[in-house]
Amino acid sequence: MKTRVFSGMQPSGNLHIGNYLGALKNWVRIQSDYECIFCIVDLHAITAYQNPAELRAKIEEIAALYLAAGIDPGECSIMVQSSVHAHAELAWMLTCVTPVGWLERMTQYKAKSAKLESVGDGILQYPVLMAADILLYQAGIVPVGEDQAQHLELTRDIAQRFNSLYGDTFVVPGTSLPAVGARVMGLDDPTQKMSKSATGANHAVALLDPPDRIRKTIMRATTDSNPAVDFETAGPGVLNLISIYQAFSGSADDEVKRHFTGMRYGDLKKQVAEMVISHVEPFQQRYRQIVSEPGYLAGVLREGAERVAPIADDTVRTVKQRMGLYT
Ligand code: AQP
């Protein structure tokens with residue numbers, strides 16, 4: 001039997017090249033080696049206010065982008081988190097075995113809550129819901145970007161705590177990070193990770209940005225005071241651009257070093273922009289085709305949910321029995 005893989009993205013903004021290089025590209029690469037479930041985690045997105053009509057549209061946009069990037073719905077299950085009720089149900093049961101101190105230690109919680117006057121409980125509980133998503137399907141591997149590694153560690157802690165309190169119930173999942181592109185940084189500020197919720201006009205390259213917009217954003221990327229690439233002294237902005245190029249091209253470290261050493265920053269940016277465009281343009285064509293087929297996307301999502309719901313129900317039934325709840 002193939003090991004099960006689970007991962008997801010929030011429909012909380014425009015998917016960017018960080019989401020692609022950190023996660024989606026890896027999903028496409030491994031999809032035929034494992035039994036994969038790829039989710040659109042809309043319950044996570046509502047931890048911050050979302051305009052309802054926009055959220056609904058984003059869910060479909062993200063599903064279409066999964067398909068456009070090469071996820072095969074014949075091979076994998078693509079589904080929306082809120083369409084399988086067991087995600088929320090298991091999250092509550094896991095909340096009850098999770099010490100609040102574990103959640104307060106999460107870097108993402110600290111960063112997000114520091115910016116808010118009033119912190120919603122959902123922001124604190126976010127990683128418990130993520131643990132429920134993964135443990136519900138007894139996933140053995142979770143391919144994510146580096147920013148989610150700490151949440152994965154917490155998922156393992158929650159699984160182990162539950163297993164030790166109630167007996168072996170959950171598979172303890174492993175993390176799969178890409179070798180290059182695990183943490184793509186903001187183009188306007190390379191000390192911050194590229195993020196859907198960041199507001200800067202030149203912060204991110206979205207997967208659906210037109211080529212001219214991509215060129216503009218990359219040409220305006222922050223570099224440093226050197227005129228040309230010197231790997232010994234290069235700042236984070238230059239290294240970020242080079243790693244974006246490398247992650248898209250799949251080139252080896254020494255090849256990249258040879259290619260870029262001494263290159264002027266203007267030329268480096270042009271080459272990075274053309275590399276990104278050559279990869280995202282074909283997605284964009286497939287994306288337009290997918291959204292123009294009436295009913296296709298809804299069918300993929302319905303089938304995905306129908307395929308995974310029995311696995312989720314089975315886990316919830318076992319968890320309820322183990323905890324002594326009424327089944
Ligand atoms: N900058 C990044 N570099 C590499 N991987 C990244 N991921 C996110 N940002 C980067 C990975 O993309 C997947 C989906 O992310 P998410 O939708 O769960 O949200 P996130 O991790 O919180 O990412 P964002 O884009 O920063 O969203 P907002 O701003 O809405 O919080 C995950 O596998 C993540 O690791």
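Me: Why is histidine 85 called exposed?
Reply: Happy to explain: exposed means over 50% relative accessible area, buried under 20%, and partly exposed in between (1.4 Å probe, protein chains only). Histidine 85 has 55% relative accessibility, so it counts as exposed. Bear in mind that this is a predicted model, in which local features need pLDDT of at least 70, side-chain atom pairs count only at pLDDT 80 or more, and totals for chains, interfaces and linings use all residues. Residues are numbered from 1 along each chain as its sequence is written, and side-chain values use heavy atoms, with hydrogens and water left out.

Me: Where does histidine 85 lie?
Reply: Histidine 85 lies in the loop between strand 3 (77-80) and helix 4. Helices (H or I, at least four residues) and strands (E, at least two) are DSSP runs, numbered from the N terminus. The C-alpha atoms of histidine 85 and aspartate 313 are 8.8 Å apart, although 228 residues separate the two along the chain.

Me: What makes glycine 237 buried?
Reply: Its relative accessibility is 3%, so glycine 237 counts as buried. This glycine 237 lies in helix 10. Not counting residues up to four places away in sequence, glycine 237 touches Pro190 and Thr222, where contact means heavy atoms within 4.5 Å.

Me: Why is asparagine 226 called partly exposed?
Reply: Asparagine 226 has a relative accessibility of 24%, so it counts as partly exposed. You will find asparagine 226 in the loop between helix 9 (211-219) and helix 10 (236-249). Leaving aside neighbours within four places in sequence, asparagine 226 is in contact with Thr233 and Tyr265.

Me: At what angle do the axes of helix 4 and helix 7 cross?
Reply: The axes of helix 4 (residues 86-95) and helix 7 (residues 121-136) cross at roughly 120° and come within 8 Å. Axes here are lines fitted to C-alpha atoms, for helices over the stretch in contact, and angles run from 0 to 180 degrees between N-to-C directions. The crossing of helix 4 past helix 7 is right-handed. Handedness is left if the near helix is turned anticlockwise from the far one by less than a right angle, and right if clockwise.

Me: Which residues of helix 4 and helix 7 make the contact?
Reply: Helix 4 contributes residues including His87, Leu90 and Leu94, and among those from helix 7 are Val128, Leu129 and Asp133. The residues of this contact of helix 4 with helix 7 divide into 10 nonpolar, three polar and one charged. Ala, Val, Leu, Ile, Met, Phe, Trp, Tyr, Cys and Pro count as nonpolar, Asp, Glu, Lys and Arg as charged, and the others, Gly among them, as polar.

Me: How many helices and strands does the protein chain have?
Reply: The protein chain has 13 helices and five strands. Its radius of gyration is 20 Å, close to the 20 Å that the globule rule gives for 327 residues, so the protein chain is as compact as a globular protein of that length. That radius is taken over C-alpha atoms, and the globule rule is 2.2 Å times the number of residues to the power 0.38. Buried residues make up 51% of the 327 residues.
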